[in-house]
Structure formats: structure tokens, C-alpha cells
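Here's a quick walk through one protein chain, written for someone who would rather look at the residues than at a table. Keep the viewer open and follow along.

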Amino acid sequence: AFGIYYGVPPSRMGIEKGILEYVNDVLRNMRYRHLSLLTLAPDGDMEATGTTNYSHVGTATLSKAVLGVTMGKQSLLVATTAASSGVALAVNLPVTSGQVYDIVVDCLNGNVSQTLTMAAYDITNSATIDSVSTSAKGQRYLYLQVTIPSGCKDLDVRLTDNMTGVTYVWYDNLSIRHADATEMSLPSWFDPITCTFEELWYLG
């Protein structure tokens, strides 16, 4: 929709608004659809400021970046200097034996000779439940479906590479979903006070 105002200047003249200000007023009050990742991983969409929701594995440095983004505005950049180094969740996820989880993450592999690995790790029993790897260069994703083993009470997801020198990997959209769940917490940014019915419907 648009409006034509006779005699309105292109920019502000004294106290009179210009056409550009009128256009900006309309844009600010329009509704926009925004895709958001629903995940059990804190900051799974990598949109939060800082990296406090993640911890380093081995010799790794974590930061946010604009390369390797598949949805949103930023990704998680992991710089490593030793093999089997990378990133893990800062807070382990509480789980129950027998539950099934789908785990997927987008990754950008900048080195054709390195292998990226995503592992579901049983914190309680100090054991890897399952893992998947890729050595393909470029934008890829890693996917696992895991069944929580007997006695496991806490789950971690670890993303590592096998290079011994300085290596950079970009991760985005870490999705951890209970395969049989019928309910799921909304993203931390969701505000039920200001959210409209249309926005709530679009999320779910």
C-alpha cells in the first residue's frame, strides 16, 4: 500500500515531515514474518550476543561471525589449533533413558582435508552415544537420531574437527528436538505480552 501527498517535500523542512519520514513511519508499523529455530539448545540459532551458552573442547576459541549463516544474522565461529578440539554445550541437557532425540547442525567447512564430527555424548556414563562426520568442503549439515541409553541423565552435543593446525569452522542452527515431544518451550526472545495471535500461529 502507498499514499501520495500533494505538496509533501522529499525531506523534512522545519517542522514539516518529508515523504521519507512518512515512508519510514509506515515501515516501522508494518508486520514482518520472522523465521526462528525451535530447539532445546540454548542459543541454538547463534543469535545471542557472545558465546556464554557454549564451552570450548580442547584448544578452541569461540566467537560470533557473519560467515556460514544459513538463517538469521550470525553464526558461531570455532577456531581450533589441535585435533579433536571444538565446541560443546555450556549446560548439559537433562534426559531420560529411552528418549529419542533428533540433532542437526549446519556447518561450513573451509578446509577440504579436515573432518568435522558431531557427537551426542552421555555425560553420566562418560561415553559417546553416537556420532556422524563429514569431510566435504563447503556448506553442509550433520544429522543424528539418538536413543538415550540406560542410566544417562545428562546429554551433551560436541562439535569437533581433526586438524592439528589452525582451523576455522562456522556452525549455525544447532537443533536438538525430542522426537516424541508434543510440547516445546518457545524461544527466549518470545514475549507473550506483545506477541499477536498471528505471530504465535506462525511459530507453531
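This is a predicted model: local features need pLDDT of at least 70, side-chain atom pairs count only at pLDDT 80 or more; totals for chains, interfaces and linings use all residues.

## The overall layout

The protein chain has 204 residues, and 37% of them count as buried. Its accessible surface comes to about 12,100 Å², with 56% of that belonging to carbon and sulfur atoms. As for how the chain meets itself, take the contacts with a separation of 6 or more: residues 24 or more positions apart account for 70% of them.

## Strand β6 and its two partners

Which strands does β6 pair with? One partner is β9 (residues 138–147), which runs antiparallel to β6 and is joined to it by 10 bridges. To find this pairing in the viewer, look for tyrosine 101, which stands opposite valine 146 in β9. The other partner is β11 (residues 167–178), again in the antiparallel sense, with eight bridges to β6. Here valine 104 makes a handy landmark, with serine 175 as its bridge partner in β11. As a general point while you trace these, side chains in a regular strand alternate between the two faces of the sheet.

What else does glutamine 99 touch, leaving aside residues up to four places away in sequence? The list is Val146, Thr147, Ile148 and His178. Val146 is the residue that stands opposite tyrosine 101.

## Aspartate 130 in β8

Aspartate 130 sits in strand β8, residues 127–134. This residue is partly exposed, with a relative accessible area of 34%. Leaving out residues up to four places away in sequence, aspartate 130 touches Met118, Ala119, Ala120, Leu144 and Val146. So Val146 turns up again, since it is also on the contact list of glutamine 99.

How far apart are the C-alpha atoms of aspartate 130 and methionine 118? They are separated by 8.6 Å, with the two residues 12 apart along the chain.

## Salt bridges

A search of the whole structure turns up four salt bridges. Lys17, Asp25 and Arg28 are linked in a network of them. Aspartate 25 bridges to lysine 17, where the closest N and O atoms are 2.5 Å apart, and also to arginine 28, where that distance is 2.6 Å. Why are aspartate 25 and arginine 28 separated by about one helical turn? Because they are three residues apart in helix α1.

How open are these residues? Aspartate 25 is partly exposed, at 22% relative accessible area, and lysine 17 is partly exposed too, at 30%. Arginine 28 counts as exposed, at 60%.

Another bridge joins lysine 64 to aspartate 43, with the closest N and O atoms 2.9 Å apart. This pair links distant parts of the chain: lysine 64 is in strand β2 (residues 60–65) and aspartate 43 is in the loop between α1 and β1, 21 residues away. Is aspartate 43 buried or exposed? Its relative accessible area is 11%, and the cut-off for buried is under 20%, so aspartate 43 is buried.

## A nonpolar patch on the surface

Which residues form the nonpolar patch on the surface? They are Val23, Val26, Leu27, Met30 and Tyr32, with about 470 Å² of accessible area together.

Take tyrosine 32 as the one to click on. This residue lies in the loop between α1 (19–28) and β1 (54–57). Its relative accessibility is 55%, and exposed means over 50%, so tyrosine 32 counts as exposed.

Definitions and conventions:
Residues are numbered from 1 along each chain as its sequence is written. Side-chain values use heavy atoms; hydrogens and water are left out. Two strands pair if DSSP finds at least two bridges between them. Helices (H or I, at least four residues) and strands (E, at least two) are DSSP runs, numbered from the N terminus. Buried means under 20% relative accessible area, exposed over 50%, partly exposed in between (1.4 Å probe, protein chains only). Contact means heavy atoms within 4.5 Å. Patches are made of residues with over 30% relative accessible area and no salt bridge: like charges are joined within 9 Å, nonpolar side chains (Val, Leu, Ile, Met, Phe, Trp, Tyr) within 5 Å. Accessible areas come from the Shrake-Rupley method with a 1.4 Å probe; for residues, only the protein chains shown count as cover. A salt bridge is a side-chain nitrogen of Lys or Arg within 4 Å of a carboxyl oxygen of Asp or Glu.
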